[in-house]
Amino acid sequence: MEWLVAAAIGLLVGSGVYLLLSTQSFTVVLGLLLLSYGVNLLVLASGRLVVREPPLAATGPAAADPLPQALVLTAIVIGLGMTAFALALALWAARRSGSGDVRAPAGDDGDDDP
């Protein structure tokens, strides 16, 4: 089971980093989303991977730690807000520049004067 979770974490983080290197704004947002999913799974797995045990009942030494579960739940909410903001920012930038490219247009010198 540990190998499956480790492979899933590696796949999510690797795919997220690959998509972050793209030049299109929506694939960058998708890369951030996959990277956050991978980190959430990593934090959740750090609280022990236990099969056939209740997640919060302290019935023995094999019980899972509830702190990573609470951290992941908080990170999911923060990730949702971050994704909504990043999508709004990407839509605003695409509307303003006329393309979904992350790089600055060739004639843009950073000046906001018309």
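## Packing of helices α2 and α3

The buried residues of α3 pack against α2. Buried here means under 20% relative accessible area, while exposed means over 50% and partly exposed lies in between, computed with a 1.4 Å probe on protein chains only. This is a predicted model, in which local features need pLDDT of at least 70 and side-chain atom pairs count only at pLDDT 80 or more, whereas totals for chains, interfaces and linings use all residues. Residues are numbered from 1 along each chain as its sequence is written, and side-chain values use heavy atoms, with hydrogens and water left out.

The protein chain has three helices and zero strands, arranged α-α-α from the N terminus on. Helices (H or I, at least four residues) and strands (E, at least two) are DSSP runs, numbered from the N terminus. Of the 114 residues in the protein chain, 20% are buried. The accessible surface is about 8200 Å², with 70% of it belonging to carbon and sulfur atoms; these areas come from the Shrake-Rupley method with a 1.4 Å probe, and for residues only the protein chains shown count as cover.

Helix α3 covers residues 66–97. Its 32 residues reach 46 Å from the first C-alpha to the last, close to the 46 Å expected at 1.5 Å a residue; the expected span is 1.5 Å times one less than the number of residues. The buried residues of α3 are P68, V72, G79, T83, A86, A90 and A94. After α3 comes G98, which has a positive phi near 90°.

How do α2 and α3 lie relative to each other, and at what angle do they pack? The angle is about 175°, and the axes are 10 Å apart. Axes are lines fitted to C-alpha atoms, for helices over the stretch in contact, and angles run from 0 to 180 degrees between N-to-C directions. The two helices are therefore roughly antiparallel, a label for angles over 145 degrees, with under 35 being roughly parallel, 65 to 115 roughly perpendicular and the rest oblique.

Residues of α2 that meet α3 include F26, L33, N40 and L44, and their counterparts in α3 include V72, A75, I76 and A86. By class, this contact has 16 nonpolar, four polar and no charged residues. Ala, Val, Leu, Ile, Met, Phe, Trp, Tyr, Cys and Pro count as nonpolar, Asp, Glu, Lys and Arg as charged, and the others, Gly among them, as polar.

N40 lies in α2, which spans residues 25–45. N40 counts as buried because its relative accessibility is 12%. Leaving aside residues up to four places away in sequence, N40 touches V72, A75 and I76, where contact means heavy atoms within 4.5 Å.
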